Amino acid sequence: MHTTSLHLVLITGMSGSGKSVALAALEDLGFYCVDNLPPELLKPFMALDQNQQARRVAVAMDVRSADALPGLPGRLQALRESQDRPLSITSIFLDATTDTLVRRFSETRRAHPLSVSRGATGDPQSALIEAIERERELLAELRDQSLVLDTSLARPTQLRQQLQDLVGPEARPLTLVFESFAFKRGIPMDADFVFDVRMLPNPHYEPELKPLTGRDAPVVAYLSARDEVGRMQEQITGFLQAWLPSMVRDHRSYVTVALGCTGGQHRSVYLAEALAKHFEDHWTVRVRHRESDHWPRSGQH
């Protein structure tokens, strides 16, 4: 009987959401990667590894196997029961907004996997949107059972870092991500918790603070001196301290706390940094500032 463990990462998600980038990143992390494996072949494929030592395997599946995807959870359970060594499975679903997916397909001039099979006619963009929405319906149940990563505004390097945090050599039972964002650009699709901090005092209206960010000392001093900002931080901290242990017991490995303000430059950035500093002694913590590419040049680090 084998005593070495086996780690399977299952990559699924919307067409055009970045599965190829994800597989390349996992390959760099030492995973043996297979793209577009039909769900019916998952168990036979994994059986080929039975005589190997500790392995890290990543498999990508998508809507091209739509008819078999509903039975995937059952196949994963059967796979666990058939292994004679410890098996951990991380299921990751890559998602993006419909507008983002339409833009990506338009830029690459690729056909959506469902557009041909449905025989869509008429306006090409309308047909593409119809195919994307149909894909969302087909994958909805699988999405609900997976860890969702929103790639709408993520660069390939950012997606690689997220995967490193999740399954890299130093990965821990739970990674806590604090992400600042601007409501005017939409709520992150992978957020587990969303806190609206737009009611807090806004440094944007202070001329000397407007070009800075929530990581700059003058903005930090301005916000940390406001009682309502302190209360907001204390209440979010209390909420997370109360519920994070339960999420760990529920086998959650990645929790994203999104903090939004109007421009994603001052208040949300300050709170994301402050909360990360508070929790870093007890959890693996990461900070993302989604709008950093749009900050004024003088406010970037």
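Me: How much space lies in the largest pocket, and what makes it a pocket and not a cavity?

Reply: About 840 Å³ of space lies in the largest pocket of this predicted model. A cavity would be a set of points where the 1.4 Å probe fits but cannot get out, whereas a pocket is an open set, so the word pocket tells you this one is open.

Me: How do you know which residues line the largest pocket, and which are the closest to its centre?

Reply: A lining residue needs an atom within 4 Å of a point. There are 31 residues that line the largest pocket, and Ile 89, Ser 91, His 251, Arg 252 and Ser 253 are the closest to its centre. Two or more residues each come from helix 3, strand 4, helix 6, strand 5 and helix 7. Helix 3 gives the most, with four residues.

Me: What classes of residue make up that lining?

Reply: The lining of the largest pocket has 14 nonpolar, nine polar and eight charged residues.

Me: And what about the second largest pocket: how much space, and what lines it?

Reply: That one holds about 330 Å³. Its lining has 14 residues, with Ser 15, Gly 16, Ser 17, Ser 20 and Arg 110 nearest the centre. Helix 4 supplies the largest share, three residues. By class you get two nonpolar, six polar and six charged residues. Gly counts as polar here, so Gly 16 goes in that class.

Me: Helix 4 also packs on helix 6, so why is that pair called oblique?

Reply: Helix 4 (residues 98-108) and helix 6 (residues 124-144) pack at about 125°, with axes 10 Å apart. Roughly perpendicular stops at 115 and roughly antiparallel starts over 145, so an angle between those falls in the rest, oblique. That makes helix 4 oblique to helix 6. Their crossing is right-handed.

Me: Which residues of helix 4 meet helix 6?

Reply: Thr 98, Leu 101, Val 102 and Phe 105 do, and among their partners in helix 6 are Leu 128, Ile 132 and Arg 136. The contact residues divide into six nonpolar, two polar and two charged.

Me: Why is helix 9 called oblique to helix 10?

Reply: The axes of helix 9 (residues 227-249) and helix 10 (residues 267-279) cross at roughly 45° and come within 11 Å. Roughly parallel needs under 35 degrees and roughly perpendicular begins at 65, so oblique takes what lies between. That makes helix 9 oblique to helix 10. Helix 9 passes helix 10 in a right-handed crossing.

Me: What meets what there?

Reply: Helix 9 brings residues including Val 229, Ile 236 and Leu 244, and helix 10 brings residues including Tyr 270, Ala 274 and Phe 279. The contact has ten nonpolar, four polar and no charged residues.

Conventions
Residues numbered from 1 in each chain as written. Predicted model: local features only at pLDDT ≥ 70, side-chain atom pairs only at ≥ 80, totals over all residues. Heavy atoms only, no water. Axes fitted to C-alpha atoms, helices over the stretch in contact; angles between N-to-C directions. Left-handed = near helix turned anticlockwise from the far one by under 90°. Contact = heavy atoms within 4.5 Å. 1 Å grid on protein atoms, 1.4 Å probe; cavity = no way out; pocket = protein on both sides within 12 Å on 5 of 7 lines; lining within 4 Å. Points joined across faces, edges and corners; volume = space filled by probe spheres on them.
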